[in-house]
Amino acid sequence: MGEFQGKTLVLSGGTRGIGNAIVSKLAKEGCNVAFTYNSSEEEAKNIARNLEKEHGIKARCYQLDILKPETYKTVFEQIDDDFKEINFFVSNAIISGRSVVGGFAPFMRLKPKGLNNIYAATVLAFVVGAQEAAKRMEKSGGGSIVAISSTGNLVHTENYAGHASSKAALEIVVKYAAFELADKNIRVNVASGGPIDTDAFKKFPNYEALKAATIARTPLGRMGQPSDMAGVVLFLCSKDSYWINGQTVIADGGSSFT
Ligand SMILES: NC(=O)c1ccc[n+]([C@@H]2O[C@H](COP(=O)([O-])OP(=O)(O)OC[C@H]3O[C@@H](n4cnc5c(N)ncnc54)[C@H](OP(=O)(O)O)[C@@H]3O)[C@@H](O)[C@H]2O)c1
């Protein structure tokens, strides 16, 4: 029996892109999955049904708006009714559309409201979600927490100051969490990606040009795919990564060095 068999993952934003690849990857390893959606309720229910059918695991979905981080507490209470313990937590969901107006913009057009929204969705949601997960992991002898970040805090990316600065803050909060939760056998790390071809990336106004430029500056010669991130998260949840704690693991095909 594999190490993920019968364990439970909680993940925010499992309906699309990277989050969806992560829940699929862990479910394939026999891990139960509790994931959140924001607006895609039908899609989320279909994903859960298909994962159960395909992998013989338990999968459930829950509504969450990361712009209201405190509501994570209610979501975890709902998860308590469905799963007996939590072993892994991945903070993945990201906002887009109207809520990032004034946050996803060139520096001179940044506005406090948009920036606050991105900070709430990225940093505050991680803090509340990871606190709730850690309380439960402590009871089951430990666990692994992973925050999803982006190399936009290492490489200049158009309109990305709001997201990049929030991801930079997230990576520091992760270090503090890792330090303070280690005595509970809970590890906390970051999986950071270069540009990945998801709905979020496709929303960049100059998507085609950005995609071509990304491929051109990526030594491995292609765009990142959601599965590239899922592999890193699986590793960070596994016993093979036990000695990695408070770190950022980058998966970018080498693009942040060019
Ligand atoms: N794409 C990239 O280039 C890239 C690169 C590196 C890191 N990342 C990071 O990877 C993570 C996932 O990004 P992605 O590209 O996979 O995004 P995506 O395809 O746009 O998926 C976003 C997910 O977040 C959920 N979501 C949206 N608004 C929400 C809200 N207000 N409250 C709660 N959940 C909400 C969506 O649920 P619904 O379907 O219900 O709306 C969906 O499941 C993010 O942290 C992002 O910063 C992305």
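Modeller: Start with one cut-off. A residue is buried if 20 or more other C-beta atoms lie within 10 Å of its own, exposed if 12 or fewer, and partly exposed in between. Keep in mind that this is a predicted model.

Colleague: Is N185 buried, exposed or partly exposed?

Modeller: N185 counts as partly exposed, because it has 14 C-beta neighbours inside 10 Å. It sits in the loop between helix 5 and strand 6.

Colleague: And N159: buried, exposed or partly exposed?

Modeller: N159 has 19 C-beta neighbours inside 10 Å, so it is partly exposed. Its loop runs between strand 5 and helix 5 (161-181).

Colleague: What should I look for in the backbone angles?

Modeller: Most residues other than glycine have a negative phi. N185 is not a glycine, yet its phi is positive, about 65°. N159 is also not a glycine, and its phi is positive, about 65°.

Colleague: Which residues of helix 5 are buried, and what covers them?

Modeller: The buried residues include A161, G162, H163, L170, V174 and L181. Their cover includes helix 4 (112-139), strand 5 and strand 6.

Colleague: How far apart are the end C-alpha atoms of helix 8?

Modeller: They are 17 Å apart. The 12 residues of helix 8 (residues 226-237) should span 16 Å at 1.5 Å a residue, which agrees. Its buried residues include D228, M229, V232, L236 and C237. The buried residues of helix 8 pack against helix 1 (17-28), strand 4 (88-91), strand 5 (143-150), strand 6 (186-193) and strand 7.

Colleague: Now strands. Which residues of strand 6 are buried on each side?

Modeller: On one side, I186, V188, V190 and S192 are buried; on the other, R187, N189, A191 and G193 are. Eight of the eight residues of strand 6 are buried, so the rest of the structure largely encloses it.

Colleague: Which strands does strand 6 pair with?

Modeller: Strand 6 runs parallel to strand 5, joined by eight bridges. The bridge partner of G143 is I186. Strand 6 also runs parallel to strand 7, through four bridges. There, S192 stands opposite I250. Strand 5, helix 5 and strand 6 together form a right-handed β-α-β unit.

Colleague: Which way do the residues of strand 1 point?

Modeller: T8 and V10 point one way from strand 1 (residues 8-11), L9 and L11 the other way, and all are buried. Strand 1 pairs with strand 2 in the parallel sense over four bridges. L11 has F35 as its bridge partner in strand 2. The chain passes from strand 1 through helix 1 to strand 2 in a right-handed β-α-β crossover.

Colleague: How many bridges join strand 1 to strand 4?

Modeller: Three, and these strands run parallel. In strand 4, the bridge partner of L11 is V90.

Colleague: What does strand 2 pair with on the strand 3 side, and in which sense, parallel or antiparallel?

Modeller: Strand 2 (residues 32-37) and strand 3 (residues 59-63) pair in the parallel sense over five bridges. V33 stands opposite A59. With helix 2 (residues 41-55), these two strands make a right-handed β-α-β unit.

Colleague: Last, the ligand. Which residues come nearest?

Modeller: Of the 30 residues around the ligand, G13, G17, G193, T198 and A200 come nearest. Helix 1, strand 5 and helix 6 (199-202) each give two or more residues to the shell.

Colleague: How many residues of the shell are nonpolar, polar and charged?

Modeller: The shell has 13 nonpolar, 14 polar and three charged residues.

Key. Residues are numbered from 1 along each chain as its sequence is written. This is a predicted model: local features need pLDDT of at least 70, side-chain atom pairs count only at pLDDT 80 or more; totals for chains, interfaces and linings use all residues. The expected span of a helix is 1.5 Å times one less than its number of residues. Two residues are in contact if their C-beta atoms, placed from the backbone, lie within 7 Å. A residue is near a molecule or strand if its C-beta atom, placed from the backbone, lies within 6 Å of it. Ala, Val, Leu, Ile, Met, Phe, Trp, Tyr, Cys and Pro count as nonpolar, Asp, Glu, Lys and Arg as charged, and the others, Gly among them, as polar. Two strands pair if DSSP finds at least two bridges between them. A crossover is right-handed if, with the strands pointing away from the viewer, the path from the first strand over the helix to the second runs clockwise.
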